[in-house]
Structure formats: C-alpha cells, structure tokens
Amino acid sequence: MREQFQFNYDLLTDWKELPIEDFKLVQVAYSAMDRAYAPYSEFLVGAALLMEDGTIVEGNNQENVAFPSGMCAERVALFYAGATYPKGVVKTICIVAKGALMPASFLLSPCGSCRQVLLESENRQRKAIRVIVVNQDMRTLVLDSAKDLLPFGFGK
Ligand code: THU
C-alpha cells in the first residue's frame, strides 16, 4: 500500500506580517545572528527560543577550524535552554540566516541534526514546538511542530 505524509504550514512573503509575539522573536534572532562566529562559511545563523514563561533564549552558529567541532545556531540555543531551564517548555523557535553560501531565493530549513534535536526537545517537553524560519528574501515558513520536519524521526 502506498502511504503519504502530509502536514500544513504557513508561507508568508515577509516576516513583518507575523503577529507581534513572533515579530519580536524574529528581531531577537537577528541580533543573535549578528553575533554568530562563522569565519569559515561566512553564513550567519541566529536562533531565538520563546519559552512558555516568556523567557527568550538565544543562539547562533559557532564554527571551528576543525570543522565538525562547530555547532549550529539551533542546537546552541536548544542545548543552552536544556542546560539552564531543564524543566522549561519551548513554545517557538525562530531561525534567521544570511550569507552567500545559499542563494537568497533558497528556502532554508534546519539541518538534519538540528531536526533530530528539535524532535527530542518536543518529546521531552511533551508539547509541540512551533518553528519559524525567515529566509534571506524575507519569505517566512511557520510550522506547527518540529516533528513535521522529520518524518520517521528516531525517538520515543
Ligand atoms: N548552520 C546552522 O547554524 N543551522 C542549520 O540548520 C544549518 C547550518 C550553520 C552551520 C555552519 O556554521 C554554517 O551554518 C554553514 O553550514
């Protein structure tokens, strides 16, 4: 039998159309992005997590001359949140990026490892995490749950 995965997401032409809470989170993600350490790829990524109690956790990519030792912005933010607020619940993650590595028209979304970590965070807190991805051309994806990014994900 042929089966299929299906999920709904919103695609906005500009992040400025987002509701105020998300709008503010995008602004925080951009400021985090500007502090990224990415001298090798020159691709700057910022992430901002909105926790249920209103706390905002920031992350950005941290590269290393030994390339695999670096870390993506999403995981920097998620691991910091896990380390600092182990019982915290992440409501939304917002990701922004800029750099010549990807053409501006390319629709970005988190890498496979970050998807796996997002899924674990969702399972751990037993609550979906909304995912907002702002592209370089301002098009903005809004997903209801990180699990939509990882069909057949490995997890409980
Ligand atoms: N990067 C992220 O921060 N998040 C992703 O989801 C994909 C890639 C970073 C890793 C590296 O520092 C740079 O972007 C180029 O791959």
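Q: Patches join residues with over 30% relative accessible area and no salt bridge, linking like charges within 9 Å and nonpolar side chains (Val, Leu, Ile, Met, Phe, Trp, Tyr) within 5 Å. Which residues make a nonpolar surface patch here?
A: Phe7, Tyr9, Leu11 and Leu107 make one of about 360 Å². Areas are Shrake-Rupley with a 1.4 Å probe, and for residues only the protein chains shown count as cover. A salt bridge is a side-chain nitrogen of Lys or Arg within 4 Å of a carboxyl oxygen of Asp or Glu.

Q: What are the ground rules for the model?
A: The model is predicted: local features need pLDDT of at least 70, side-chain atom pairs count only at pLDDT 80 or more, and totals for chains, interfaces and linings use all residues. Residues are numbered from 1 along each chain as its sequence is written, and side-chain values use heavy atoms, with hydrogens and water left out.

Q: Where is Leu107?
A: In the loop between β4 (90–98) and α3 (112–125). Helices (H or I, at least four residues) and strands (E, at least two) are DSSP runs, numbered from the N terminus.

Q: Switching to salt bridges. How many are there?
A: The whole structure has 6. One of them pairs Glu21 with Lys91, at 3.2 Å, N to O. Glu21 is in helix α1 (residues 20–33) and Lys91 in strand β4, so the pair ties together parts 70 residues apart in sequence.

Q: And what does Arg130 pair with?
A: Asp22, with the closest N and O atoms 2.9 Å apart. Arg130 is in strand β5 and Asp22 in helix α1, 108 residues apart. Asp22 is buried at 3%, while Arg130 is partly exposed at 26%.

Q: Core next. Which residues have the most contacts inside the largest nonpolar core?
A: Val45, Leu49, Met51, Ile93, Ile95, Val131 and Val133, in a core of 24 residues. A nonpolar core is a set of buried Ala, Val, Leu, Ile, Met, Phe, Trp, Tyr and Cys residues joined through side-chain atoms within 4.5 Å.

Q: What does Val131 touch?
A: Leaving aside neighbours within four places in sequence, Val131 contacts Ile93, Ile95, Leu141, Val142, Leu143, Ala146 and Leu149. Contact means heavy atoms within 4.5 Å.

Q: Which residues of α2 are buried?
A: Ala73, Glu74, Arg75, Ala77, Leu78 and Ala81. Their cover includes β2 (44–51), β3 (56–60), β4 and α3.

Terms used. Buried means under 20% relative accessible area, exposed over 50%, partly exposed in between (1.4 Å probe, protein chains only).
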